[in-house]
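Please read this briefing alongside the sequence and the model.

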Amino acid sequence: MSNEVAGQLNTSAEHMESDTIITGGMTLKRVSLILQTEVNAVWGCRDFSAVGRPYYTLLVVTNRRIARDMVSVFALSEKETERPAYLHSFLWGEDICYLFPYRRERRLVDFVTGQTTTPAVSEQICVNLLLAGMESLLPYPLLFLTFRQGMVHIENDNSVYLTPYLNLTDLDLSISESDCVVACAQIMLDILGASKGKQLKSRRLLSKKVQREAYAHFSEVYHDFNITISSGKKKPLLKRFTEFFSERKDRIFRFILVISVICFIVAIIMLLNYLIFGDFAISKLFGHGLDTIGTEDLTVK
């Protein structure tokens, strides 16, 4: 490992035994393997030097190229956020390690269907997902992997959180916020698509804008989504009446246009009839149809 890389890490660690790491005043014991790939591993750890032996997540990067990319991407991100996404970073032999808070796995993909009892709940889960993305300190290349690899979790109260249990094989430093927004929006569309009942207005708008690649920032999605979101409460009659015509103005315009064309054609026919026969033939249909009965003229007073 290069001196430049080592210099950007907090400290190095001592390897006491096969599953124990001493670093930064902590004695971390690896207790469970969460993920193992060719370039990295994710472990569940406990700090045996602290009261209660709290749990942590340890991301261990074993591939040198990926390690250099991780140092680079975190360095750039920390210039913007002014604080790291991890609790502690250190060298352990030839590997780079990043320590994160531990969160249990309760994947959104496994639980969201059972928890979306109403369209309003579906939309609230989407808002919580957006907020989790907006508030995350993970650099965009890692946040993108979090969305794409399904490291999105949901609590019983529908709050959403992200975990760094990532396969770093496809780490791409060119990933930007707009890429993360699209990845997040795809999950939102899946959530809204599973909602019972008719297609939601929020989903229609989100789908159209994603297809047009109209979003570059999470804040733009959040703004649009909050405008179209269902409140779950009955709106005032005047507001519902206004929204009804606003949503259907194109169809109403087409209907009025068709009626106008029909009226225009009828008027032309009546005019031609008058010019040819000297009378409006149609008036006989609505005029005095019973003016004469037999020899009696009813118009004579």
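Predicted model: local features only at pLDDT ≥ 70, side-chain atom pairs only at ≥ 80, totals over all residues.

Residues are numbered from 1 along each chain as its sequence is written, and side-chain values use heavy atoms, with hydrogens and water left out.

**The chain overall**

- The secondary structure of the protein chain comes to 11 helices and 12 strands, where helices (H or I, at least four residues) and strands (E, at least two) are DSSP runs numbered from the N terminus.
- Of the 301 residues in the protein chain, 37% are buried; buried means under 20% relative accessible area, exposed means over 50%, and partly exposed lies in between (1.4 Å probe, protein chains only).
- Among contacts (heavy atoms within 4.5 Å) between residues at least 6 apart in sequence, 60% join residues at least 24 apart.
- The protein chain exposes about 18,200 Å², of which carbon and sulfur atoms supply 56%; accessible areas come from the Shrake-Rupley method with a 1.4 Å probe, and for residues only the protein chains shown count as cover.

**Nonpolar cores**

- A nonpolar core is a set of buried Ala, Val, Leu, Ile, Met, Phe, Trp, Tyr and Cys residues joined through side-chain atoms within 4.5 Å.
- The largest such core has 57 residues, and those with the most contacts inside it are M70, Y98, F147 and L168.
- Helix α6 (residues 177–193) gives the most to this core, contributing 10 residues.

**Strand β6 and its partners**

- Strand β6 (residues 55–61) is mostly covered, with 6 of its 7 residues buried.
- Strand β6 pairs with strand β5 (residues 40–47) in the antiparallel sense over 7 bridges, pairing being assigned if DSSP finds at least two bridges between two strands; V42 has L59 of β6 as its bridge partner.
- Strand β8 (residues 95–101) is also antiparallel to β6, to which 6 bridges join it, and here L58 stands opposite L99 of β8.

**Around M26**

- M26 is placed in strand β4 (residues 26–36) and counts as buried because its relative accessibility is 12%.
- Leaving aside residues up to four places away in sequence, M26 touches I21, D47, S49, Y56, H88 and L99.
- M26 and D47 are 21 residues apart along the chain, yet their C-alpha atoms are separated by 6.0 Å.

**A nonpolar surface patch**

- F253, L257, V261, F264, I265, I268, I269, L271, L272, Y274, L275 and I276 make a nonpolar surface patch of about 1,200 Å².
- Patches are made of residues with over 30% relative accessible area and no salt bridge, with like charges joined within 9 Å and nonpolar side chains (Val, Leu, Ile, Met, Phe, Trp, Tyr) within 5 Å; a salt bridge is a side-chain nitrogen of Lys or Arg within 4 Å of a carboxyl oxygen of Asp or Glu.
- F264, in helix α10 (residues 249–277), counts as exposed because its relative accessibility is 55%.

**Positive phi in two loops**

- Most residues other than glycine have a negative phi.
- R53, in the loop between β5 and β6, has a positive phi of about 45° although it is not a glycine, and R53 is partly exposed, with a relative accessible area of 41%.
- E213, in the loop between α7 (201–211) and α8 (218–228), has a positive phi near 55°, and E213 counts as exposed at 70% relative accessibility.
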